[in-house]
Amino acid sequence: TLSETISASRKADPTFLRMDPPRHTEHRRMWSQYFTIKRIQAMKPGIRAIVERVTDRFVTLPQPADFVKDFALAIPSLVICQLLDVPDEAHDFFHRHSLTRTQLNGTPGEILAAMKALDDFWDAEIARREADPGEDIVSQLIVNEVRPGRLGREELRGMAQLMLLAGHETTANMIALTTLTLLRHPGQLARLRADRALVPAAVEEALRYLTVAQNGLGRTCIADTVIGGQRIRAGEGVLVVVASANRDASEFADPDRFDITREGTRRHMAFGGGIHQCLGHPLARAELQIVLDTLLDRLPNLGIAEAEDRIAYKYDSLFFGLYSLQVTW
């Protein structure tokens with residue numbers, strides 16, 4: 001049974017995340033063209049410039065500093081703001097309301113208030129871009145999909161919110177957790193420093209090992225079936241726990257070990273799979289790889305500056321992560 005909080009959040013979610021084909025296929029197609037590997041490759045210089053700018057500011061802070069607040073959160077927020085053409089100043093606004101939306105212990109009222117604040121923001125932005133479309137994704141969707149009647153304004157607003165949430169919260173958590181994990185595995189970090197060609201593999205292993213979307217994907221069985229000896233009847237609900245799949249010993253040898261040289265790591269399920277696979281995965285991978293490269297170059301002496309039992313983990317959120325992490329460099 002879903003909690004009141006999660007139920008409230010899902011009832012107010014009109015996005016293709018909760019659609020089936022053919023409507024899901026139509027809506028996903030509208031966005032997927034903006035997240036192709038070719039487009040993300042073209043974005044990499046801009047992403048690298050953002051990471052360098054955040055790093056420039058971070059290294060001027062008094063030590064110790066909060067790696068989550070002052071580094072990990074800033075980068076994906078600035079990237080997604082650039083992608084959706086919203087001002088950098090909206091970073092705090094987006095983070096505050098995104099955090100509220102993903103908390104498991106929030107009240108339905110708090111969740112709906114956060115969603116309304118984001119709705120109001122995007123209603124104003126959509127109206128502005130309808131009057132004067134630009135080259136950004138939202139403007140192009142207005143011109144190509146809303147005006148011809150294939151997409152409603154409420155659906156576009158929901159899509160923009162989804163991209164903001166998915167592109168901001170999950171990647172920020174991965175940046176913080178990946179950094180913490182590498183610092184806890186000095187042998188692996190040393191191998192990465194010695195062979196920078198391992199950066200993409202390190203990102204894939206971190207995605208598998210950490211799996212920030214740990215609360216499971218809800219699905220409804222559409223026909224009687226048997227999986228692993230368990231009969232599931234049509235109409236019954238299934239909770240797919242991706243974190244468990246990524247620690248499956250039949251797929252990954254010694255799955256609880258963090259190993260950046262592991263074979264077959266890219267078979268992980270951190271981005272889901274099938275028709276609902278996260279369409280932003282090329283962007284997330286690019287950000288994580290650029291961040292690791294930059295940290296290795298710019299902060300070679302980065303270290304944890306607080307006791308293990310003081311590290312604030314996000315156990316009460318839809319997405320696993322860190323609330324804060326004190327570091328020195």
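**A residue in a helix**

Modeller: Let us begin with Lys44, which is found in helix H3 (residues 37-58); helices (H or I, at least four residues) and strands (E, at least two) are DSSP runs, numbered from the N terminus. This is a predicted model, in which local features need pLDDT of at least 70 and side-chain atom pairs count only at pLDDT 80 or more, while totals for chains, interfaces and linings use all residues. Residues are numbered from 1 along each chain as its sequence is written, and side-chain values use heavy atoms, with hydrogens and water left out.

Biologist: Does Lys44 count as buried, partly exposed or exposed, and which residues is Lys44 in contact with?

Modeller: Buried means under 20% relative accessible area, exposed over 50%, and partly exposed in between (1.4 Å probe, protein chains only). Lys44 has 26% relative accessibility and therefore counts as partly exposed. Contact means heavy atoms within 4.5 Å; leaving aside neighbours within four places in sequence, Lys44 is in contact with Ala286 and Ile290.

Biologist: How is Ala243 classed by relative accessibility?

Modeller: Ala243, in helix H12 (residues 242-245), counts as buried because its relative accessibility is 17%. Ala243 touches Thr211 and Gln214, not counting residues up to four places away in sequence.

Biologist: Which residues have the most contacts inside the largest nonpolar core?

Modeller: A nonpolar core is a set of buried Ala, Val, Leu, Ile, Met, Phe, Trp, Tyr and Cys residues joined through side-chain atoms within 4.5 Å. The largest one has 85 residues, and those with the most contacts inside it are Trp31, Phe35, Phe67, Phe71, Leu192 and Leu322. Helix H9 (residues 153-184) gives the most to this core, with 14 residues. Leu192 touches several residues, including Leu182, Val199 and Ile260.

Biologist: At what angle do H9 and helix H11 pack?

Modeller: Axes are lines fitted to C-alpha atoms, for helices over the stretch in contact, and angles run from 0 to 180 degrees between N-to-C directions. H9 and H11 (residues 199-210) pack at about 100°, with axes 10 Å apart. Angles under 35 degrees count as roughly parallel, over 145 as roughly antiparallel, 65 to 115 as roughly perpendicular and the rest as oblique. H9 and H11 are therefore roughly perpendicular to each other.

Biologist: In what order do the strands of the open sheet stand?

Modeller: Strands of a sheet pair through backbone hydrogen bonds, either parallel or antiparallel; two strands pair if DSSP finds at least two bridges between them. Here 3 strands form an open sheet in the order E1-E9-E6, with antiparallel pairing. Strands E1 (65-66) and E6 (303-304) stand at the edges, each with a single partner strand, so one side of each is left without a neighbour in the sheet.
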